[in-house]
Amino acid sequence: MTTRYPTASVGNGYIFNMNNPKISIICALSENRVIGQGDRIPWHIKADLIHFKEKTFHHTIIMGRNTFDSLLGYYERSGRPMPERNNIIVTHDANYNPKQANCFVVDSIDKALQKAKEIEKKEVFISGGEQIFKQTIHLADKLYLTIVNGNFEGDKYFPDYSMFKKAISKEEKEEKGQRFTFIELIR
Ligand SMILES: NC(=O)c1ccc[n+]([C@@H]2O[C@H](COP(=O)([O-])OP(=O)(O)OC[C@H]3O[C@@H](n4cnc5c(N)ncnc54)[C@H](OP(=O)(O)O)[C@@H]3O)[C@@H](O)[C@H]2O)c1
């Protein structure tokens with residue numbers, strides 16, 4: 001049996017599936033594409049944390065278990081509650097306990113995307129880390145990147161994203177002497 005999805009025209013002949021949220025990737029990376037060192041991000045840019053919060057507010061995020069664990073650790077240490085947001089955590093561990101509300105645990109990328117379609121209408125954000133970006137970059141419609149000026153040491157990298165050629169927004173910033181750029185890219 002074929003499933004029929006509602007579609008809509010956006011006026012230029014392009015038909016999109018109204019059931020599917022847009023898939024975006026959000027990440028901060030250095031010029032040499034480093035995103036992490038161990039379980040840490042090798043810089044502290046407060047404006048980037050705010051940017052992440054604003055972009056993903058009221059949306060669903062998908063992340064790997066390592067990234068979720070480091071976020072959880074951060075909120076536990078700071079004593080602050082995790083922001084109210086749907087988190088989909090990808091892990092092979094069927095017994096993984098996220099210890100937080102609004103969390104869904106899945107054991108594959110496909111299931112993460114399926115879950116996202118069920119609970120998110122507009123835009124789902126893939127938020128890392130290295131393993132998850134590597135497996136999903138080909139699926140993304142849009143990248144929200146924070147390019148941190150300079151080359152950093154690290155052992156976790158963002159994949160090649162040269163297929164995203166068109167910048168639709170670009171904002172150069174500086175915080176405590178560290179320069180960085182918020183850039184939004186589409187294919
Ligand atoms: N700069 C940034 O914007 C940014 C953003 C996010 C993360 N990071 C950094 O990235 C690093 C973490 O990245 P990472 O690559 O180590 O870990 P990760 O991608 O966050 O998580 C990897 C884990 O996800 C699960 N997983 C991955 N693929 C799977 C699949 N196909 N099916 C089922 N489960 C799967 C596995 O969990 P199990 O082992 O439980 O099976 C795996 O160990 C940290 O340094 C973090 O700070 C940086």
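Helices (H or I, at least four residues) and strands (E, at least two) are taken here as DSSP runs and are numbered from the N terminus. The structure is a predicted model, in which local features need pLDDT of at least 70, side-chain atom pairs count only at pLDDT 80 or more, and totals for chains, interfaces and linings use all residues. Residues are numbered from 1 along each chain as its sequence is written.

An open sheet is formed by eight strands in the order S7-S6-S5-S8-S3-S9-S12-S11, with mixed pairing; two strands are said to pair if DSSP finds at least two bridges between them. S7 and strand S11 (166–175) are the edge strands, each pairing on one side only. On average, neighbouring strands of this sheet are turned by 20 degrees against each other, direction ignored. Angles between axes otherwise run from 0 to 180 degrees between N-to-C directions, the axes being lines fitted to C-alpha atoms, for helices over the stretch in contact. Strands of a sheet pair through backbone hydrogen bonds, either parallel or antiparallel.

Both senses of pairing involve strand S9 (142–148). S3 and S9 run parallel and are joined by seven bridges, with Leu 29 opposite Ile 147 in S9. S9 also pairs with S12 in the antiparallel sense, over seven bridges. In S12, Thr 181 is the bridge partner of Ile 147, and Ile 183 is that of Leu 145. Five of the seven residues of S9 are buried, and the strand is thus mostly covered. A residue is classed as buried if 20 or more other C-beta atoms lie within 10 Å of its own, as exposed if 12 or fewer do, and as partly exposed in between, with C-beta atoms placed from the backbone.

S11 and strand S12 (residues 178–186) run antiparallel and are joined by nine bridges. Glu 171 stands opposite Phe 182 in S12, and Glu 174 stands opposite Arg 179 in S12. The two strands S11 and S12 form a hairpin with two residues between them, and Lys 176 in the turn has a positive phi of about 45 degrees.

Several helices are placed against the sheet strands. Helix H1 (residues 46–56) lies across S3, S5, S8, S9, S11 and S12 and runs at about 175 degrees to S3. H2 lies across S5 and S6, at about 105 degrees to S5. In helix H3 (residues 109–119), the residues Ala 112, Leu 113 and Ala 116 are buried. These residues cover an arc of only 95 degrees around the axis, which puts them on the same side of H3; the arc is that of the directions from the helix axis to the C-beta atoms. Asp 110, Gln 114 and Glu 118, on the other side of H3, are exposed. The buried residues of H3 pack against strand S5 (60–64), strand S6 (86–90), strand S7 (103–106) and strand S8 (123–126). Two residues are in contact if their C-beta atoms, placed from the backbone, lie within 7 Å.

Phe 133 lies in helix H4 and is buried, with 25 other C-beta atoms within 10 Å. Leaving aside neighbours within four places in sequence, Phe 133 is in contact with Ile 25, Cys 27, Ile 126, Gly 128, Phe 158 and Pro 159. Phe 133 and Ile 26 are 107 residues apart in sequence and 9.4 Å apart in space, C-alpha to C-alpha.

Around the ligand there are 29 residues, of which Gly 36, Gly 64, Asn 66, Gly 128 and Gly 129 come nearest; a residue is near a molecule or strand if its C-beta atom, placed from the backbone, lies within 6 Å of it. Strand S3 (22–30), strand S4 (34–36), S5, helix H2 (65–78) and helix H4 (130–136) each supply at least two residues of this shell. The shell divides into eight nonpolar, 14 polar and seven charged residues. Ala, Val, Leu, Ile, Met, Phe, Trp, Tyr, Cys and Pro count as nonpolar, Asp, Glu, Lys and Arg as charged, and the others, Gly among them, as polar.

Most residues other than glycine have a negative phi, and most peptide bonds are trans. Gly 128 and Gly 129 are joined by a cis peptide bond with omega of about -5 degrees, and Gly 129 is found in the loop between S8 and H4. His 58, although not a glycine, has a positive phi of about 65 degrees. His 58 is placed in the loop between H1 and S5 and counts as exposed, with 11 C-beta neighbours inside 10 Å. Asn 102, likewise not a glycine, has a positive phi of about 60 degrees. Asn 102 lies in the loop between S6 and S7 and counts as partly exposed, with 14 C-beta neighbours inside 10 Å.
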